Amino acid sequence: MFTGIIEATGEITAIEEAGQNKSFWIKSSISSELKPDQSVSHNGVCLTVEAVNGDTHKVTAVAQTLRVTNLGSSQVGQKFNLERCLPFNGRLDGHVVQGHADGTAICTHKTEKEGSTEFRFKVAQEFAALFIEKGSITINGISLTVWETTATSFKVTIIPYSMSHTNMGFVNEGDIVNIEFDVLGKYVVNYMKLTR
């Protein structure tokens, strides 16, 4: 379980392919503190640490994960947002994040404002019931608040601190990001489908 509060960014130093899977070696300030079998959110995708070598660690994404996230198009040099799982006695500073990405969204607008940056993201129509005005969403693992929604799009605003401490500063119009909708909302939508 995660909170959507990013601890560090890591840079992909190598990518290995084995069958339909891709393994990533990632260099970061927290890699040396990780251990095999630990769950870590990478751009909002929960992956298991397989190996640690100094200040780099290795994780693998299977075909399903590569299909529904932006990890399949990742390149060496790209930055991932990283978050270790919530300790049992920790604070929930963001919102409940599972690290199970629901899919991707496309950045359609990026606008610099005085003191912040606004992004608009377009999503598939099938996700229309899963985001609401002032609700929570996770973008590349970052807990954010949704506003100015349409049936297939929404806006978020990023403060300067988050722009410089996550990979949102590298997101531009046309880029694809990972999204995870609020788990409570997903349960409600599923319940409504089953009780119709």
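Two strands are taken as paired if DSSP finds at least two bridges between them, and strands themselves are DSSP runs of E of at least two residues, numbered from the N terminus. The model is predicted, so local features need pLDDT of at least 70 and side-chain atom pairs count only at pLDDT 80 or more, while totals for chains, interfaces and linings use all residues. Residues are numbered from 1 along each chain as its sequence is written, and side-chain values use heavy atoms, with hydrogens and water left out.

Six strands form a closed barrel in the order E1-E2-E5-E4-E3-E6, with antiparallel pairing. From one strand to the next the twist averages 45°, with axes given by lines fitted to C-alpha atoms and angles running from 0 to 180 degrees between N-to-C directions. Glu16 stands opposite Ser23 in E2.

Strand E7 (residues 103-113) is joined to strand E8 (residues 116-122) by seven antiparallel bridges, with Phe119 in E8 as the bridge partner of Lys110. E7 also pairs with E12 in the antiparallel sense, over four bridges; here Thr104 has Asn178 of E12 as its bridge partner. Strand E9 (residues 136-139) pairs with E12 over three antiparallel bridges, and Ile137 stands opposite Phe181 in E12. Strand E12 (residues 176-181) is mostly covered, five of its six residues being buried, where buried means under 20% relative accessible area, exposed over 50%, and partly exposed in between (1.4 Å probe, protein chains only).

Glu118 lies in strand E8 and counts as buried, at 15% relative accessibility. Leaving aside residues up to four places away in sequence, Glu118 touches His109, Lys110, Thr111, Lys113, Trp147, Lys155, Val156 and Thr157, contact meaning heavy atoms within 4.5 Å.

Leu92 is located in the loop between strand E6 (79-84) and E7. With a relative accessible area of 45%, Leu92 is partly exposed.
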